[in-house]
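Let's take a look at how strands line up and how nonpolar side chains gather. Have the picture open while you read.

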Amino acid sequence: MGNAGGNMNTENTNNSSIRKSGVRWALVFYDALISIGVELVLLVIYSGAGNLDFMSIATHGLVLLASVIGFRFAFGIYRTIWRYGGIQNYLKLMVSDAFAFGIYLLFCRFIIPIKRISVVNMLSMVSLILLLSLMIRMVYRYAFKCGTKDTQFGRFLLWLLKTFGRINVTRFQEIRRVKVAILGAGNLGNTLYAEIGMDNRSPYEVRCFIDSDKEKIGRYINGCKVLDENNLSPEHLIQDYNIQEVFFAVHDYPQDKMRSLYEKLSKAGIKVKNYDIPHMMAGGEKPQLREFEIEDLLFRRQETIINDKTTAYYKGKTILITGGGGSIGSELCRQIARMDPKRIIILDIYENSAYDIQQELKMKYQGKLDVSVEIVSITNKKGLSRVFETYRPDIVINAAAHKHVPLMEHNCIEAVENNVYGCLNIIELCEEYGVSRFMMVSTDKAVNPTNVMGATKRMCEMIMEAYSTRGKVKCSATRFGNVLGSAGSVIPLFKKQIAAGGPVTVTDKRIIRYFMTISEASQLVLESGAMAENGEVFVLDMGNPVKILDLANNMISLMGARNIEIVETGLRPGEKLYEELLVKKEELEKTDNDLIFVEKESPISMDELNEKLNILYAATSSLDDDGVREALRKAVPTFRRPEDVNNSKSQEREIVF
């Protein structure tokens, strides 16, 4: 029964040729012993078989043995690694023995002239052989699964493996496995158990499950007791089960319960991990066991926004994504790639990031996805025109922009030229080349902006709205808050500061921000773009805002750091204490998707837009950053000075959907 030994490389080196063949002859030997033993009992000892002469007994025994062993070889039973055997392997063994019974019946009743026995007795022998064969395989598999547990029964199982499996178990005894509990005794929890609890090479040993289902509490799953989540005590887990880590394996776990449980376990010194789809991924990926990420501290349930109707909208279309190598742009490429588009064009000025996402998609789809990369700045209208002429896109998504607030405060001209003029170039080319839909990525900083970056994005929204009143292109904008894991976001900065021993810097301990994942942000763009009629600004229900000071404290705790100081450095130029999502809350409209809302305001006329653009053209040509900032104040009426906003009592009131 030592068929696992070929994988473990623990048998004697003289058996190397056996391992090469893949046939486990020890298991053949055990099966033969079972067959001979059953035949002796039912043909010789058990009187119900009738009085058979020696020749008949020998013939029955040999034919049955040859049939069973022969068909098991034919079905590859002896090449199976039974410690990983699943239901399909056991079914294959049963089918194999069913064929063996047919051949045995055929030969001993119709071909070979020997004394017959009843079909019932013949079936009884085959069934008993099958039952005992299944039993030894199940015991063997269970011994591998539970043999390393530091219990009396576990030591007995190790003895079984060593004695009858001919396996050196010394190294199994030396492995010190991490004792874990799985939170969630449902399908996801059992899938995780199948991955880590049934693999003897796993560094984890599952000791118990935790669940709130009353029908499961107190019962056992794979030999592990299900504990009551509502009466969970970390001290009880440590003392009675020696738990070192808890794995969360629950869909849509309530945020408040997760926070409370995480804090309780962390204080007791129990490490927490997640078994799910990481925040930075979505759609089609399998759950992974991963570290409890910083992003999980927000305890915001990631929403799946895209539906089948949206997927059908993008299918078969040529789609151009500007800024396609960036955080949002690259995720847009991944999401669209799953929708079976005709072609994806990745346009970016940074060749390395564009190349990375191109290669990622090529590797994943193995030539089944048409992906092109164009390196050009959105400020280069002639270069953009060549791209439009070459590919004639159906849909254009503008995700290219300068977004770093403090840097844009000191580079006002570049912010206007890239964000405003670049957006204008794209939307004009969409009109010229008959693009059916234009979508732009906006930001909550465009709402009552207090900085140059936000003001330029608000100007882009006004350009989009003005162009929605003319031409054939359907236009829309999507607006969301801070994106977890994107380049330049606060979380990577905090990670570096904590890793360096501190201090962690926050500009103001009162600051709050809305957060969402890269996947959610990208899905919002695609879903809202598909449902847009013309001229809308879409926003997502982003839940409650997060206090940055709380985020910093949680990150310090999660990373196991001590004596890390949090220093308040003062608000940066253009920064405000809070962000808004809507310009006019009273004009909020719902959509068919409960997570998406619309702010639709009256667009400015083209004459008014041209007047605003002329103000900006004159300012940027003067090469004076301060002049450009003042020109933006004239062009964007809602552009306010940050000190006016931060000193206002209105900052205390947050938008809650």
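How many bridges join strand β18 to β22, and do the two run parallel or antiparallel? There are 4 bridges, and the strands run antiparallel. Keep in mind that this is a predicted model.

Strand β22 covers residues 596-599. It pairs with β18 (residues 536-540), and also with β21 (residues 588-590), again in antiparallel fashion. Here are the two pairings side by side:

| Partner of β22 | Bridges | Residues standing opposite |
|---|---|---|
| β18 (residues 536-540) | 4 bridges | V537 and E599 |
| β21 (residues 588-590) | 3 bridges | E589 and V598 |

β21 and β22 also make a hairpin, with 5 residues sitting between them.

Which way do the side chains of β22 go? I596 and V598 point one way, F597 and E599 point the other way, and all of them are buried.

In soluble globular proteins, nonpolar side chains tend to be buried together. The largest nonpolar core here has 55 residues, and the members that touch the most others are F388, F438, M459, L609 and L616. Helix α17 (residues 412-432) gives this core its largest share, 12 residues.

Zoom in on F388. Apart from its neighbours within four places in sequence, F388 is in contact with L320, P393, V396, I426, L429, C430, Y433 and V435.

Notes:
Residues numbered from 1 in each chain as written. Predicted model: local features only at pLDDT ≥ 70, side-chain atom pairs only at ≥ 80, totals over all residues. Heavy atoms only, no water. Buried < 20%, exposed > 50% of the residue type's maximum accessible area, 1.4 Å probe, protein only. Pairing = 2+ DSSP bridges. Core = buried A, V, L, I, M, F, W, Y, C linked by side-chain atoms within 4.5 Å. Contact = heavy atoms within 4.5 Å.
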